[in-house]
Amino acid sequence: MNRTYLIHEFLRTAKSKRTIPFLLFIGVVLISYCFLLVPNRETKETFHPEEIQDYLTRLEVEQNQRLKSGNTGIVLMTGDPVFARNDYHHGLFSALLHSYEDRNYLRYLHLRAYYLESDPSVYLQDENLFKLSPYPGKDREHLYHQTMLRYEDYLMNNRRITEALLFEKTGFQSLQTFLHTYGFFFFLFCAVYFSSDILSRDRSHRTVLQGLPLSWYRQLNLKSLAAFTYTLLVLVTVLLTGFLVLSAQFGFGYSNLHVPIMTAQSTFSADDYDVISLGKFVGISLSALPLLLFLFIRLNVIFSLLMKNEWLVLLSSTLVIFSERLFDARTTREILGIDISYFPQTYFDFGKIVTGEKNFLLNTETISLAKGVVVLLVTAAIIEAVLFVLSRIVNKRRLYQSR
């Protein structure tokens with residue numbers, strides 16, 4: 001009976017009039033991500049040949065004028081001649097441009113890494129980087145160290161350097177970026193959407209439900225398991241499809257690429273960083289996915305018992321997903337005197353926990369991977385206890401006979 005009921009609920013979720021349009025929406029988002037967003041995504045390291053050519057042309061004009069006037073100019077603070085500096089930049093950027101146009105990406109990488117190592121101000125003094133951030137200087141330095149660690153990995157481990165690898169568009173790198181940005185919010189919203197009507201949709205079958213030889217709490221458990229299984233199946237399919245499509249365009253990349261992680265915030269230098277493999281990052285990040293999905297599906301059941309309306313349930317759970325954004329100003333480290341690391345919302349974006357990014361953003365060191373797992377497990381246990389008690393109060397008859 002349990003198996004039959006589970007399959008029945010799984011198929012009802014899959015065939016729901018609400019589910020099919022949402023699956024089409026996910027398909028559109030996936031196509032847009034794979035064929036528009038990733039191919040056109042730009043970062044600080046994105047190379048623009050036209051801009052470099054314009055820069056070189058301006059340098060040549062300036063150098064010719066200085067030759068004619070005999071004025072080399074002086075660089076303020078250092079006292080170096082402007083002419084010599086311009087000549088150095090002209091040679092370097094000409095070499096970068098030719099390497100890029102010739103698709104000699106290994107030479108391009110050597111030149112770019114040398115340039116960044118010799119002149120960190122390319123990042124640290126770029127006012128267009130993080131200009132809306134409350135801590136732009138800190139964020140620029142953070143990105144600089146991450147970039148240098150990434151380039152060090154490419155050069156020290158004899159990677160096959162491609163354009164996609166340089167600009168982080170391979171299958172594995174795109175998966176890392178997705179999990180490290182908005183991936184977990186997408187996962188959680190899918191769980192909330194697919195499970196928001198698992199109780200309200202049964203209102204038209206009250207007589208049949210009353211005759212089921214299953215306890216009310218077991219029905220809630222089986223409904224949750226069906227929604228969990230369906231959501232996990234959809235998400236695995238989406239991830240695999242996106243990974244394979246992007247890999248077909250840009251290559252798989254390497255699962256053992258180094259992912260920079262922040263281990264401390266004491267020196268604000270490269271000493272505060274370490275690395276883990278990209279495969280390990282993906283594995284640890286996705287290992288938390290079942291727990292997070294289960295947590296929100298059970299929370300949806302609680303909201304369904306209380307509100308009895310799928311749209312209110314959807315709204316309430318969505319607010320919970322993004323509740324961290326209400327107090328995440330990068331200056332909030334306590335709520336009502338309690339450290340932020342004890343709140344489950346802190347760990348919803350789990351990819352940032354794995355790399356230490358959450359600590360960096362919130363200027364704290366109290367958030368850890370182990371604490372995150374414990375907090376989420378305790379939260380799941382509390383939700384289970386509340387649901388068990390609430391299922392005794394709002395039983396099947398009371399739920400479906402109320403309006």
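The model is predicted, so local features are described only where pLDDT is at least 70 and side-chain atom pairs count only at pLDDT 80 or more, while totals for chains, interfaces and linings use all residues. Residues are numbered from 1 along each chain as its sequence is written, and side-chain values use heavy atoms, with hydrogens and water left out.

**The whole chain**

Begin by showing the chain as a C-alpha trace, which spans about 100 × 50 × 35 Å along its principal axes. Switch to a cartoon and you will find 20 helices and 4 strands (helices are DSSP runs of H or I with at least four residues, strands are runs of E with at least two, and both are numbered from the N terminus). Of the 403 residues, 50% count as buried (buried means under 20% relative accessible area, exposed over 50%, and partly exposed in between, with a 1.4 Å probe and protein chains only).

**The nonpolar cores**

Next select F187, L305 and F350, the residues with the most contacts inside the largest nonpolar core, which has 97 residues (a nonpolar core is a set of buried Ala, Val, Leu, Ile, Met, Phe, Trp, Tyr and Cys residues joined through side-chain atoms within 4.5 Å). Helix α14, residues 289–307, gives the largest share of this core, 12 residues. Centre the view on F350 and, leaving aside its neighbours within four places in sequence, look for its contacts, among them F184, I284, L292 and L376 (contact means heavy atoms within 4.5 Å). Then select L149, M262, Y273 and L361, which are included in a second, separate core of 5 residues.

**The largest pocket**

Now select L143, Q146, H180, T181 and E357, which lie nearest the centre of the largest pocket among its 39 lining residues. On a 1 Å grid over the protein atoms alone, a pocket is an open set of points with protein on both sides within 12 Å along at least five of seven lines, a cavity is a set of points where a 1.4 Å probe fits but cannot get out, and lining residues have an atom within 4 Å of a point. About 1,100 Å³ of space lies in this largest pocket (grid points are joined across faces, edges and corners, and a volume is the space filled by probe spheres set on the points). Colour α7 (136–156), α9 (171–180), β1 (258–262) and α18 (357–362), the elements that give two or more residues to the lining; the largest share, 7 residues, comes from α7.

**The second largest pocket**

Move on to K44, F93, R112, Y115 and V122, which lie nearest the centre of the second largest pocket, itself lined by 25 residues. About 700 Å³ of space lies there, and α4 supplies the largest share of the lining, 5 residues. While you have α4 in view, select D87, which is placed in that helix and is partly exposed, with a relative accessible area of 49%. The C-alpha atoms of D87 and L59 are separated by 8.3 Å, although these residues are 28 apart along the chain.

**The cavity**

Finish with L199, S200, S304, K308 and L399, which lie nearest the centre of the largest cavity among its 10 lining residues. About 50 Å³ of space lies in this cavity, and α15 (310–321) and α20 (396–401) each supply at least two residues of its lining.
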